[in-house]
Amino acid sequence: MHRIFVSVILISSLLVIGNTTFAQKKVVGYYVYSYKYVYPENKIEFGNLTHINHSFIWPNKDGSLAVPDGFLDPQLISNAHNAGVKVLVSLGSADSTSIKNFAMMSADSTARAAFINNLLLFIQQNGYDGVDFDWEFPANAIEKNQYTLLIKELKTAASQTFPNLLVTIAASPGDWFGRYFDFENMTQYLDWINVMGYNFHGSWTQHSGHNAPLYTNPADPDKPVPGSDDDGVKYLSVTRKVPKNKLVLGLPFYGKQFNASGLFAVQSGAVYDLIYNPDIATKLNDINWKYNWDDVSKVPYLVAAANSKFITFDDTASVKYKCDYVKANGLAGVMIWALGYDYSGSESPLLRAIGKSLILSAVAKGDEYKIPEDFKLYDNYPNPFNPSTHIRFELPKGGHVKIIVFDALGREVKVLIDQFMNAGNHETLFDASHLNSGVYFYCMQSQNFIQGKKMILIK
């Protein structure tokens, strides 16, 4: 009787799992060219990314391109493409020269045409997959119209020779800057919008507060401004009519330090930006700093023992909440500012948390992966098994490999492999001595390959 019941449960589970696919969200990381001396290309965990925004170049007012010395990085693009990651060249930033040149170039039809030609040539010569615009920010209604015209003319020019060109922008999550973006007309020409979901508090606010709260805390003296990520998503999707599946939520790998006694306390003096590693991570185990969690805003913060300093930041817990929010609300994915800011010298914990949640997440309906023929994940043997089984796979070239076992509810059971492996045939053993009978599945990811298979444990 017990065996029949188990069989029915197993068959039902197989039917449920058989009708599911792996859904991948976009994970877009800005890679600042000058940071490669701290965080070189060979340290990037490409398996946790789908796109890289290589930043920054910018326009000159005559339509030519300003490309800093040392910017060109063919190895970055080669490594990314080998891992199935696309690379966009990013133009702009908050630099005043860039902002001024965007306005002047886009106002002149001749300069605008020259810029588009120069940009497309630059992209094709250097192997980029697209372009990301980071004009921070159009300052009036005239520049608003110029920006839309620039994007439209770029897409038109690329339609014949580069029809798959990716075009994205970075945009503010609030109306102060967002009012000068013509989202209603511009969005049709964009693949997605990187929502700058950070800098909600800083030197410009009277009180200390969260850099990137997921939700607005009612205790914030500055509410409803500056707001939160959730407020920003609602502003763009509801007020400005941007489809949610074109919104990529920005996550900061940096925080801010205030001269303040705690959360929402009066602040004075300078406010400093701190990158997660080492500026913040080294304080997490420091007895002179106390870790706190705001369960309303779903973000952490640190307060100095003397109650004189306050640090707002994101950690692995808060980025997981934000990834869950992205999935629950049907957003396109997440954007990171910036790659390498969480790098410890051996790992990137925030990036890994994002990749685990959005790229290697368990059983989720969505777009199916196209499985490359040169990668192979074989059926485990024996199957059914008790208590162990062998998992074999083949790699056409060396690269980072992850193999994770999940239960039928999508909960992670065990990480079998998470390392660089050479090309060839490989095998690993899964010991399930500690587990109960049931359906499990194993998922392998390597570069642009991802596939899952079912296995049955019967004790």
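Me: Let me start with a detail: is K320 buried, exposed or partly exposed?
Reply: K320 is partly exposed, with a relative accessible area of 38%. Keep in mind that this is a predicted model.

Me: Which residue does K320 form a salt bridge with?
Reply: The partner of K320 is D324, and their closest N and O atoms are 3.0 Å apart.

Me: Where do D324 and K320 sit relative to each other?
Reply: Both belong to helix α10, which covers residues 316-328. They are four residues apart there, so about one helical turn separates them. D324 counts as partly exposed too, at 29% relative accessibility.

Me: Nice. Let's zoom out. How many helices and strands are in the chain?
Reply: The chain has eleven helices and 21 strands.

Me: And what does the radius of gyration say about the overall form?
Reply: For 459 residues, a compact globule would come out near 23 Å, and the chain has 24 Å, so the value agrees with such a globule. Along the principal axes, the C-alpha atoms fill a box of roughly 75 × 60 × 40 Å.

Me: What share of the residues counts as buried?
Reply: That would be 54% of the 459 residues.

Me: What about contacts between residues at least 6 apart in sequence: what percentage join residues at least 24 apart?
Reply: Among those contacts, 69% join residues at least 24 apart in sequence.

Me: Back to charges. How many positive and negative side chains are there?
Reply: There are 40 positive and 43 negative side chains in the chain, and the centres of the two sets lie 5 Å apart. The salt bridge count comes to 14.

Me: Which residues are linked in a network of salt bridges?
Reply: E45, E347 and R352 are linked that way. Within that group, the side chains of E347 and R352 meet at 3.5 Å, N to O. E347 is partly exposed, with a relative accessible area of 33%, and R352 is partly exposed as well, with 27%.

Me: And what's the N to O distance for K453 and D379?
Reply: The side chains of K453 and D379 meet in a salt bridge at 3.1 Å, N to O. K453 lies in strand β21 (residues 449-457), while D379 is in the loop between β15 (376-377) and β16 (388-395), so this pair ties together parts that are 74 residues apart in sequence.

Me: Is K453 buried or exposed?
Reply: K453 counts as buried, at 18% relative accessibility. The cut-off for buried is under 20%. D379, on the other hand, is exposed, with a relative accessible area of 54%.

Me: New topic: where is R112 placed?
Reply: R112 is in helix α4, which runs over residues 109-126. At 7% relative accessibility, R112 counts as buried.

Me: Which residues is R112 in contact with, leaving aside neighbours within four places in sequence?
Reply: R112 is in contact with M105, S106, A107, L149, L150 and E153.

Me: And how far is R112 from K223?
Reply: Their C-alpha atoms are separated by 40 Å, and the two residues are 111 residues apart along the chain.

Methods:
Residues numbered from 1 in each chain as written. Predicted model: local features only at pLDDT ≥ 70, side-chain atom pairs only at ≥ 80, totals over all residues. Heavy atoms only, no water. Helix = DSSP H or I, 4+ residues; strand = E, 2+ residues; numbered from the N terminus. Rg over C-alpha atoms; globule rule 2.2 N^0.38 Å. Buried < 20%, exposed > 50% of the residue type's maximum accessible area, 1.4 Å probe, protein only. Contact = heavy atoms within 4.5 Å. Lys, Arg positive; Asp, Glu negative; His and termini not counted. Charge placed at Lys NZ, Arg CZ, Asp CG, Glu CD. Salt bridge = Lys/Arg side-chain N within 4 Å of Asp/Glu carboxyl O.
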